[in-house]
Every structure is written in C-alpha cells, then in structure tokens.
Amino acid sequence: MSALIDRMAAKAAQLTTGGVSASHDPAWAHKNRPCILVTPPVLDYARGTLDGTPEVTWRLIALANLAPGTLDAVEQLDALVEHLDTVVGITFSEPARYSIAAKEAPIAAYICQTTEYA
C-alpha cells in the first residue's frame, strides 16, 4: 500500500469509535451506510511547517443511508457530523448530495473538513 492510503486508513480507524463506522474505501462505504468516508487529503507544503511537514486538510464525507431531502436523513447526518467534531474537531461542514460512482444516484451527505499537521 502507498503511504497516502496508509494515512487514509489510519484516519478511518481513528474515526471508527462509539458505534460509528468509517472507511477510506468508497465501495465499502457505499455498502455500509450510514458511515464516514475518508477521502484523499490535500497536502499543502507551502502552509506546512519549517521542517517540510505539510498542512493536511481532510475531507470527511458523512454518508446517510436514507433518501436525500428528508428530515430523517438530516438527523442521521447530524449524528455523524457531531461525531466528527467530537473526534477530530471539524472546521467546515456543508450539506451535499454525494456520488460515489458515476452510475449511482447521489447520496444524502455532509462534506466536512479538518486540518492538521502530519
């Protein structure tokens, strides 16, 4: 495995607590909703530390297993967003309809963000 995929897997493991599931594998996440999908991070070396450690911005996608546009989906996503904020302290959260695969219908989701120095 690559170092980036290892890093994504470690972030998913960190988020898999308290009955919430997380994965860096989109196919797994699609079949195991509600859950959190860890996507490849943005690595910003210009905003990193003096020793060359990049600033790492994670996009963490909270995925519902209920129909988009329903209050039940919002409630399910709210619990996932609260979990993310408790575990990693998110800095941004936006409602969305997320498509994991081109042939799949969009899923009710929240795109969340957190930044750290790795």
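This is a predicted model: local features need pLDDT of at least 70, side-chain atom pairs count only at pLDDT 80 or more; totals for chains, interfaces and linings use all residues.
Start with strand β4, residues 55-63. The strand is mostly covered. Of its nine residues, eight are buried. In a regular strand, side chains alternate between the two faces of the sheet.

Which strands pair with β4? Strand β6, residues 107-117, is one of them. Nine bridges link β4 and β6, and the two run antiparallel. Glu55 marks one point in this pairing: its bridge partner in β6 is Tyr117.

Strand β2 also joins β4. This strand spans residues 35-38. Four bridges hold the pair in an antiparallel arrangement. Here Val38 stands opposite Leu60 of β4.

Strand β3, residues 42-44, pairs with β4 as well. The sense is again antiparallel, over three bridges. Leu43 has Val56 of β4 as its bridge partner.

Now turn to the helices. Helix α1 covers residues 3-15, and helix α3 covers residues 71-88. Their axes come within 10 Å. At what angle do they cross? The crossing is roughly 105°. Angles of 65 to 115 degrees count as roughly perpendicular, so α1 and α3 are roughly perpendicular to each other.

Which residues make the contact? From α1 come Lys11, Gln14 and Leu15. They meet His83, Leu84, Val87 and Val88 in α3.

How values were computed. Residues are numbered from 1 along each chain as its sequence is written. Side-chain values use heavy atoms; hydrogens and water are left out. Axes are lines fitted to C-alpha atoms, for helices over the stretch in contact, and angles run from 0 to 180 degrees between N-to-C directions. Angles under 35 degrees count as roughly parallel, over 145 as roughly antiparallel, 65 to 115 as roughly perpendicular and the rest as oblique. Contact means heavy atoms within 4.5 Å. Buried means under 20% relative accessible area, exposed over 50%, partly exposed in between (1.4 Å probe, protein chains only). Two strands pair if DSSP finds at least two bridges between them.
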